Amino acid sequence: MQQQQQLQARLMKCLSCSHSHLPLPPPPPPPFSSLQRFASSQPKGVAKVILKKGKTQLFKDGSPMVYSGAIDRIIGRPPPKTGDIVLVADGTEKPIGWGLYNSVSMFCVRLMQLEEEATRDPSCALDMEKLLETRINAAVELRRGLGLPSATTNAYRLVNSEGDRLSGLIVDVFGDLAVVASSAAWVEKYKSKVKACISSIDEINHIHWRPSVEILKEEGMDAADLKELHPSTCPQRTKVIENGISYAISLEGQKTGFYADQRENRMFLSTISYGQRVLDVCCYSGGFALNAAKGGAMSITGVDTSLPALELARENIALNNLDPEKTSFLREDATVFMKGALSRNDSWDIVILDPPKLAPSRKER
């Protein structure tokens, strides 16, 4: 009996030793990606942009701009062209999302949808036109939930680029007019679809397309290709109301013609301006200055270098029947003005400083 037990023990030991030299079974294959499945059904195939090790989480967490330094390699023959839909994958080549490729820009891909989103709602997977329609409709519903437009505000930002998951696209609404600011090559490629989506909104009767030419040049666009084939029928000026204050807007002015993204800040200023001396540096058409005046400021000084902007600001004071004696607008460089104010020991209770970009490009940095 004892010999039999010893024999069994030696046999088990031999089996254990021989088993330790056997190769480990391969790990189970990763679950098949929804996006990979959709891509495989595309007639022309979809290129795959592989991220470097350690770069994946940034984009899974929501950053939509895949910069060139984060990319390890690109799989696909022929290689993708600017505007093409591509998969974005981790180091194991498993897709984490899809986006639009740019062969020239420092942002090689603008992510549009993550893998988990495509799994939950496959209707937009690898379909930019459908995604545009879905995202713009969602933006409309979000603004309506915030009470926009309303009887006291018909100027607001409808699409806020990355904020509405459409990186490079801004749409500001001014009454029945929508101004589209395009700053990505993909927006120009899908221009007709963007216009169609905006035209379907009940309140919109006019669309003014405004490409950011210098930025689009960095995206590889030719300035000649950015010119409208047909002259715009949009009025070059319009009037809007924001928080009960009326504004004349020039579509030839800065950005979209009006800084709609500052609405809440302007309204806040009106609540703290009573009896205060207010300085509005880089005042443009007087958005902050008007709110200070409406809030009962003792005096308001606006400073800007643009004569057309200052003329609009003065027009807006008259448009709202505000006291012109309490408000002065000066045409002067902001830096020169502030140095002069310092030398004179001038002071104000509230100072608003909202300058344009000080270094618009790497070359000017």
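**Buried residues, cores and a cavity in a predicted model**

Tutor: Arginine 266 lies in helix α9 (residues 263-272), where a helix is a DSSP run of H or I with at least four residues and a strand a run of E with at least two, both numbered from the N terminus. This is a predicted model, in which local features need pLDDT of at least 70 and side-chain atom pairs count only at pLDDT 80 or more, while totals for chains, interfaces and linings use all residues. Residues are numbered from 1 along each chain as its sequence is written, and side-chain values use heavy atoms, with hydrogens and water left out.

Student: Why does arginine 266 count as buried?

Tutor: Buried means under 20% relative accessible area, exposed over 50% and partly exposed in between, with a 1.4 Å probe and protein chains only. Arginine 266 has 3% relative accessibility and therefore counts as buried.

Student: Which residues does arginine 266 touch, leaving aside those up to four places away in sequence?

Tutor: Contact means heavy atoms within 4.5 Å, and on that basis arginine 266 touches Glu242, Tyr247, Phe258, Tyr259, Ala260, Gly287, Phe288 and Asn291.

Student: What makes a set of residues a nonpolar core?

Tutor: The residues must be buried Ala, Val, Leu, Ile, Met, Phe, Trp, Tyr or Cys, joined through side-chain atoms within 4.5 Å. The largest such core has 37 residues, of which Met128, Leu132, Leu169 and Trp186 touch the most other members. Helix α5 (residues 128-145) gives the most to this core, with 6 residues. At least three residues come from each of domain 1 (34-124) and domain 2 (129-235), the bounds being those of an automatic or database domain assignment. Apart from this core lies another, of 29 residues, among them Phe174, Ile249, Leu251 and Ala293.

Student: What makes a space in the model a cavity?

Tutor: On a 1 Å grid over the protein atoms alone, a cavity is a set of points where a 1.4 Å probe fits but cannot get out, and lining residues have an atom within 4 Å of a point.

Student: Which elements each supply at least two residues of the lining of the largest cavity?

Tutor: They include β5 (95-101), β6 (107-114) and α6 (185-189). Trp186 is one of the lining residues, as are Leu100 and Arg110, and tryptophan 186 also touches both Leu100 and Arg110.

Definitions and conventions:
On a 1 Å grid over the protein atoms alone, a cavity is a set of points where a 1.4 Å probe fits but cannot get out, and a pocket is an open set with protein on both sides within 12 Å along at least five of seven lines; lining residues have an atom within 4 Å of a point.
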